[in-house]
Amino acid sequence: MSAHRQLALFALLALGAAALEVFGLRLLAPLENRLLDAFVRAHAVRLEPDPDLVIVDIDERSLASMQQVAGSWPWPRAVHAELLEGLAAQQPRAVVFDILFAEADKFRPESDALFAEAAQRHRNSYFPMVRLEPRDDANFPPVAKLAEQLGLVARPGADPDARIALLPPLVLPPEAWRTGTINFLEDADGVGRRYGLRALAHGWEVPSLPARVARDFGWRVPDADDLELAWRGPKGSFRHVSYADLYDDFNRARRQRPQDEFRGKIVLVGTAATGLQDLRVTPIDSLHPGVEILATALDNLKNGRSMQRVAPAVPAAVALALIALLAWAFARNVDASRTGFAMIAASFALLAASWYAAGELLLVPLLAPLAAAWAFYFAAAAAAYLRERRERQEAIALFSRFVNPHVVKQLLERGGLQGAGQTRQVTLLFSDIRGFTTLSESRAPQEVVALLNRYFSLQVDVVFRHGGSLDKFIGDAIMAFWGAPLDDPHHARNAVACALDMADTLQDFKAELGQPGASFDVGIGIHSGPAVVGLIGSEKRREYTSIGDTVNLASRIEGLTKEAGRRILVSRDTMLLCGDAFEFVSCGSFTAKGRAQGVELFEPRRKA
């Protein structure tokens with residue numbers, strides 16, 4: 001599979017995974033919610049809740065100090081009646097109880113009656129009810145007759161005989177109920193981030209307590225089943241007044257607290273005491289009093305503020321943009337580490353944007369697109385690494401045939417064939433064997449091949465030792481060049497030094513052959529100039545070689561060594577590039593095939 005097709009496949013898989021997560025699976029939702037909770041909490045702690053909401057708190061101190069007056073919890077309802085009377089005298093906007101009054105006190109019916117009378121007198125008092133499990137609906141009476149008192153709204157097609165498992169404040173007469181549900185809504189991870197506005201049952205809308213209060217006060221209630229709470233302040237930020245302190249003051253002949261302390265306020269009566277077990281897990285705290293959650297819902301409805309989640313299309317679009325940019329970078333062969341650092345920067349920027357959006361009451365989940373983008377990055381980077389590793393191995397296998405391992409290492413460190421297929425200034429060397437026919441006539445074919453291999457091995461080692469590149473073997477001739485694939489400012493000098501060492505190696509080889517090798521000799525021709533160097537051939541087979549007039553002339557010079565009676569001949573161009581590294585003896589001008597003008601040739605010698 002081609003690199004581009006592989007990249008496209010990875011991109012499609014990553015986008016598919018992102019789409020499945022965003023629009024369906026939601027496997028990252030718990031982690032996403034925790035991150036968004038942290039953002040929400042970071043902003044919330046810097047805010048102040050609405051001062052018009054005050055909590056009368058049945059705290060631990062109230063439970064202890066009221067022991068002599070009211071006994072153990074639950075207290076007689078007459079205590080709450082006295083509190084309600086005292087609060088009502090200060091003309092609060094509303095008194096909202098976060099205490100269930102579903103069961104009559106069989107031992108103190110007169111206490112219940114006092115509370116019922118107080119609730120009937122003060123029409124701005126509200127009481128909670130609970131929506132029980134729908135499986136229990138059949139066990140409850142029809143709701144149509146009590147729909148008005150319960151605040152139920154019939155939608156078109158509502159079942160007139162519907163039975164709904166509701167637990168209203170049965171201690172009070174129906175005309176005093178002014179009620180709504182306070183069911184705690186928790187997400188799959190057990191955290192309460194939302195407050196119900198209405199529950200639907202058999203075509204009937206059952207309002208929540210905050211929605212019932214909001215409707216009576218003319219506040220706008222969102223057309224949704226629940227409200228994503230916008231928190232203000234840490235736990236305990238709402239103003240708390242101890243129930244016991246307030247009750248004691250109401251029963252004093254001369255009150256010590258301000259007479260208008262609760263004028264125009266919305267007073268919530270509930271508990272933050274640990275022992276009464278009305279503590280919930282929210283984004284703000286793991287032990288958040290239920291009355292403060294109710295107060296937050298009222299705060300949100302009163303001030304028209306709530307958290308909003310962006311549509312799933314937004315994180316999907318972010319995933320598409322990130323993966324498209326990454327695919328473009330990998331397709332353009334941008335360095336993977338640079339792309340990774342850019343991805344890190346983009347991730348921090350997106351998370352910072354999500355954090356900022358949370359402060360603007362907007363929840364932008366970005367873990368899914370980031371996870372998909374990072375998965376694509378690692379897959380594409382791994383594929384690129386494996387592809388580069390394979391190409392390096394192929395390069396090693398290829399160039400080990402032409403250059404010594406040191407040159408191969410340098411090529412790999414430089415990232416491959418830089419400048420391959422370009423015109424380079426090089427020096428070409430051709431070396432051809434003479435007198436080989438006489439030697440081979442007296443030997444078996446296998447011995448001839450072994451002899452040639454031995455000779456070529458010795459001479460190729462000399463070429464490699466001088467930094468040359470082996471182009472090819474042409475029959476019993478060797479073609480090598482300097483100046484590519486690595487730049488070599490002394491390519492001419494190195495080629496001539498190689499030729500002189502090749503002549504010495506020839507002498508050692510002839511000594512190995514003994515008398516039969518007396519006629520064995522070589523001719524070496526060297527020329528410097530421009531040549532096209534690169535991988536040349538078909539798609540199935542390519543070789544790293546050089547082509548051009550410089551190559552042809554070097555080959556012609558090698559052919560003139562026999563005519564000149566010299567073992568090594570170099571052109572004037574090569575001689576000039578060598579400077580004073582060697583001594584050169586002019587051999588005169590010769591006519592080379594394919595050239596109208598003569599070619600002046602020189603024999604190189606080491607300096608004494």
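Student: How far is the sulfur of Cys 578 from the closest cysteine sulfur?
Tutor: This is a predicted model, to be clear. In it, the sulfur of Cys 578 sits 12 Å from that of Cys 498, its closest cysteine sulfur, and that is too far for a bond. The cut-off for a disulfide is 2.5 Å.

Student: Are those two buried or exposed?
Tutor: Cys 578 is buried, at 0% relative accessibility. Cys 498 is buried as well, with a relative accessible area of 0%.

Student: How many disulfides in the whole structure, then?
Tutor: The search finds 0. Cys 498 is in no disulfide, and the nearest cysteine sulfur to it is that of Cys 578.

Student: OK, charges. How many salt bridges does the structure hold?
Tutor: It holds 34. One of them joins Lys 472 and Asp 471, with the closest N and O atoms 2.7 Å apart.

Student: How exposed are Lys 472 and Asp 471?
Tutor: Asp 471 is buried, with a relative accessible area of 1%. Lys 472 is partly exposed, at 26%.

Student: Which residue does Arg 280 bridge to?
Tutor: Asp 278. The closest N and O atoms are 3.8 Å apart, and the cut-off is 4 Å, so the pair counts. Asp 278 is buried, at 15%. Arg 280 is partly exposed, at 32%.

Student: Switching to rings. How many aromatic pairs are there?
Tutor: The count comes to 21. Take Phe 97 and Phe 127. Their ring centres are 5.4 Å apart and their planes are at 15°, so that pair is stacked.

Student: Where do Phe 97 and Phe 127 sit in the chain?
Tutor: Phe 97 is in strand β2, residues 94-97. Phe 127 is in strand β3, residues 125-131. The pair links distant parts of the chain, 30 residues apart. Phe 97 is buried at 0% relative accessibility, and Phe 127 is buried with a relative accessible area of 0%.

Student: Now Tyr 455 and Phe 520. Stacked or edge-to-face?
Tutor: Edge-to-face, because the planes are at 75°, with the centres 5.4 Å apart. Tyr 455 lies in helix α16, residues 445-465, and Phe 520 in the loop between α17 and β21, so the pair ties together parts 65 residues apart in sequence. Both residues are buried.

Student: Which residues form an aromatic cluster?
Tutor: Phe 330, Trp 374, Phe 376, Tyr 377 and Phe 378 form one.

Student: Last topic, the overall fold. How many helices and strands?
Tutor: The chain has 19 helices and 25 strands. Its radius of gyration is 47 Å, well over the 25 Å that the globule rule gives for 608 residues, so the chain is more spread out than a compact globule. The C-alpha atoms fill a box of roughly 140 × 55 × 45 Å along the principal axes.

Student: What share of the residues is buried?
Tutor: 48% of the 608 residues. The accessible surface is about 29,600 Å², and 55% of it belongs to carbon and sulfur atoms.

Technical notes: Residues are numbered from 1 along each chain as its sequence is written. This is a predicted model: local features need pLDDT of at least 70, side-chain atom pairs count only at pLDDT 80 or more; totals for chains, interfaces and linings use all residues. Side-chain values use heavy atoms; hydrogens and water are left out. Buried means under 20% relative accessible area, exposed over 50%, partly exposed in between (1.4 Å probe, protein chains only). A salt bridge is a side-chain nitrogen of Lys or Arg within 4 Å of a carboxyl oxygen of Asp or Glu. Helices (H or I, at least four residues) and strands (E, at least two) are DSSP runs, numbered from the N terminus. The radius of gyration is taken over C-alpha atoms; the globule rule is 2.2 Å times the number of residues to the power 0.38. Accessible areas come from the Shrake-Rupley method with a 1.4 Å probe; for residues, only the protein chains shown count as cover. Rings of Phe, Tyr and Trp (its six-membered ring) pair if their centres lie within 6.5 Å; planes under 30 degrees apart count as stacked, over 60 as edge-to-face and the rest as tilted.
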